[in-house]
Amino acid sequence: MTPLDLFAPESDDAALMAQLRQTLHDHAHRYYVLDTPTLPDAEYDRLFRQLQALEARHPELITQDSPTQRVGGKPLDQFAQVRHAVPMLSIRTETDTQASGAELFDARVRRELGLSPTDPAIGYVAEPKFDGLAMNLRYEQRVLVQAATRGDGEVGEDVTQNIRTIGQIPLRLPLDAPAVLEVRGEVYMRRDDFEALNDKQRLAGQKTFVNPRNAAAGAVRQLDPAIAAQRPLSFYVYGLGAVTPPDAGGPVWQTHFEMMQTLKSWGFPVSEMVKCAQGAPELVAYYAAIGRQRDGLGFDIDGVVYKVNSLALQRQLGFVTREPRWAVAHKFPAQEMLTTVLGIDVQVGRTGKLTPVAKLAPVFVGGVTVTNATLHNEDEARRKDVRVGDTVIVRRAGDVIPEVVSVLLDKRVDESVQFTMPRQCPVCGSAAVREEGEADYRCTGGLFCSAQRKQALLHFAQRRAVEVEGLGDKLVDQLVDAGIINTLPDLYRLGFTALANLARMADKSAQNILDALEKSKQTTLPRFLFGLGIRHVGEATAKALARHFGKLDAIMDAPEDVLLAVADVGPIVANSIRTFFDQAHNREVVEQLRACGVTWPEGEPAPVAAQPLSGQTFVLTGTLPTLGREEAKALIEAAGGKVAGSVSKKTSFVVAGAEAGSKLDKARELGVAVLDEDQLKEMLDGGA
């Protein structure tokens with residue numbers, strides 16, 4: 001039976017409205033929570049408009065749980081206060097940012113329960129700690145009647161109209177749900193939704209948001225629900241408030257995990273990362289595993305939460321002051337901190353790019369002490385208006401270069417001066433120019449500029465290129481500053497004496513460098529190409545060129561139109577490759593490196609049939625069951641495919657894992673095929 005058959009003309013309006021509401025509710029749950037839509041968008045819109053028309057005809061039949069009420073109501077003058085039926089208490093924060101924090105919590109729980117070392121391990125539930133806004137959702141007779149912020153724990157604000165706009169939150173519950181149910185969870189904003197929102201704000205000439213949490217909080221506390229509806233929010237449930245008691249027909253649960261699975265069956269989004277754990281060792285393993293995944297997730301988390309799984313043990317442990325003894329938040333190292341700008345330097349990169357860098361008062365953020373943060377380019381430095389002496393928020397995520405997020409203007413000193421990019425290279429004095437259509441200034445000095453020589457050497461020697469172990473910044477500085485090395489081939493002409501005579505260089509260290517240089521001579525064509533530092537030629541493009549041509553000479557001699565036949569090469573990249581190899585000194589560098597013994601296997605161009613994903617563009621989103629993001633990307637590229645960062649009409653497939661977000665929504669909107677990990681592996685094996 002199709003949706004059209006379901007609503008026969010002879011149905012009375014009240015029954016028809018009830019059927020429409022049920023169908024739209026079911027589809028919304030499948031779309032926003034289960035990621036398994038059953039109706040095309042056009043059909044959903046048609047049914048939604050049909051319900052709107054019926055409600056306009058019969059306003060007395062409009063219900064609180066109608067899908068049309070997700071966005072509705074007049075702008076408010078202020079939020080009403082709500083006293084929580086059950087206080088929204090905070091949980092203790094474990095400040096030990098090492099894995100031992102889990103062991104400390106387990107030891108406290110065992111001590112409170114009077115357990116000996118020989119008693120069995122305690123069962124826990126572990127879950128990510130979302131960096132969002134705590135929310136209490138109250139359902140009466142299985143209909144959402146109120147949403148309130150935490151506030152001070154006793155009294156919050158009524159934000160029901162805005163929370164209705166979140167598609168993941170059910171407006172009504174199934175018949176097996178209790179008459180009164182308060183669900184508690186976190187309202188947050190996904191990173192891709194946050195970036196899209198800020199892009200939209202910039203285009204409109206409006207203020208951008210500092211981070212996803214601030215953006216989410218601003219949306220929740222927006223007095224106009226129509227504006228709130230334009231801010232993409234998400235929700236995850238993590239616990240309960242007031243519930244109809246078992247003796248009045250309420251549910252009976254033995255464990256916290258069982259309770260969460262019931263909430264999932266009632267339509268609430270529960271994180272796939274919620275896991276059961278036995279004892280401290282499994283909590284430690286969970287903390288480490290989530291820490292490794294943290295930077296690849298589609299949303300911000302600032303730690304994990306451990307809870308005793310048994311509800312009977314939770315009751316036995318009880319509370320201390322305003323915190324439960326049976327739960328703890330185990331934080332990760334902070335990724336945003338306040339510090340002061342001591343100065344703004346300009347660094348010169350391998351391609352001559354000038355990058356302003358804020359020199360900071362040392363601050364511990366994201367697990368390391370940060371003293372520098374990139375300002376990207378002059379436009380970005382001016383947009384954020386970072387000045388010497390400013391107090392700033394610094395962010396660091398994983399291996400990402402620290403950046404200045406924003407300036408605290410109320411702490412600015414009056415005599416501060418706006419940053420201006422110098423028009424001469426700060427290293428060699430050559431002119432710095434900004435090409436039309438580009439955001440960056442570049443030094444025109446080329447290899448005359450020692451900074452570019454240094455960066456070219458470091459790029460060539462890095463792990464992803466030819467890999468010369470032990471050749472780091474300080475050693476390269478000494479070699480270039482002393483005039484020992486001026487070009488890449490000079491690396492392989494280094495002698496023991498020249499190295500051993502350098503400051504802080506012992507005989508064994510000098511020999512280690514020579515051994516590493518000898519080892520690096522055996523490389524691969526993609527690594528060598530990438531190591532040359534051709535502008536716009538990254539790892540993926542180097543691999544595509546090597547697969548397509550098989551030999552370096554063929555690449556060096558290929559005209560632009562032939563280069564354009566390579567899957568990962570467009571006009572700009574083709575021109576850059578051609579320009580590089582048209583320079584006699586670049587060809588001379590290649591020949592000298594060959595003469596020094598640098599070699600790699602070469603062969604015939606790979607046949608098209610050998611590349612099962614040739615010509616296909618993939619976008620990765622969410623967390624895949626077994627493949628890491630970089631591993632999946634490498635497999636796709638090795639099979640001839642291309643991995644893009646955003647979904648467009650040119651996207652061939654979106655590979656979606658757990659916690660997939662707006663990229664998945666965009667794929668559905670554009671009709672792009674969606675794959676799971678198993679389907680991707682089938683394609684990699686040539687099965688599609």
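Buried residues (under 20% relative accessible area, with over 50% counted as exposed and partly exposed in between; 1.4 Å probe, protein chains only) make up 48% of the 688 residues in the chain. The model is predicted: local features need pLDDT of at least 70, side-chain atom pairs count only at pLDDT 80 or more, and totals for chains, interfaces and linings use all residues. Residues are numbered from 1 along each chain as its sequence is written, and side-chain values use heavy atoms, without hydrogens and water.

The chain holds 25 helices and 24 strands, taken as DSSP runs (H or I, at least four residues; E, at least two) and numbered from the N terminus. Its C-alpha trace spans about 85 × 65 × 60 Å along the principal axes. Of the contacts (heavy atoms within 4.5 Å) with a separation of 6 or more, 68% join residues 24 or more positions apart.

Aromatic pairs number 15. Rings of Phe, Tyr and Trp (its six-membered ring) pair if their centres lie within 6.5 Å; planes under 30 degrees apart are stacked, over 60 edge-to-face and the rest tilted. Phe130 and Tyr236 form a tilted pair, 4.8 Å centre to centre with 35° between the planes. Phe130 lies in strand β3 (residues 123-130) and Tyr236 in strand β8 (residues 234-243), 106 residues apart. Phe130 is buried at 8% relative accessibility, and Tyr236 is buried at 9%. Tyr287 and Phe332 are also tilted, because their ring centres are 5.0 Å apart and their planes at 40°. Tyr287 belongs to helix α10 (residues 279-293) and Phe332 to the loop between β13 (327-331) and β14 (336-348), so the pair ties together parts 45 residues apart in sequence. Tyr287 is buried at 6%. Phe130, Tyr188, Tyr236 and Phe299 form one aromatic cluster.
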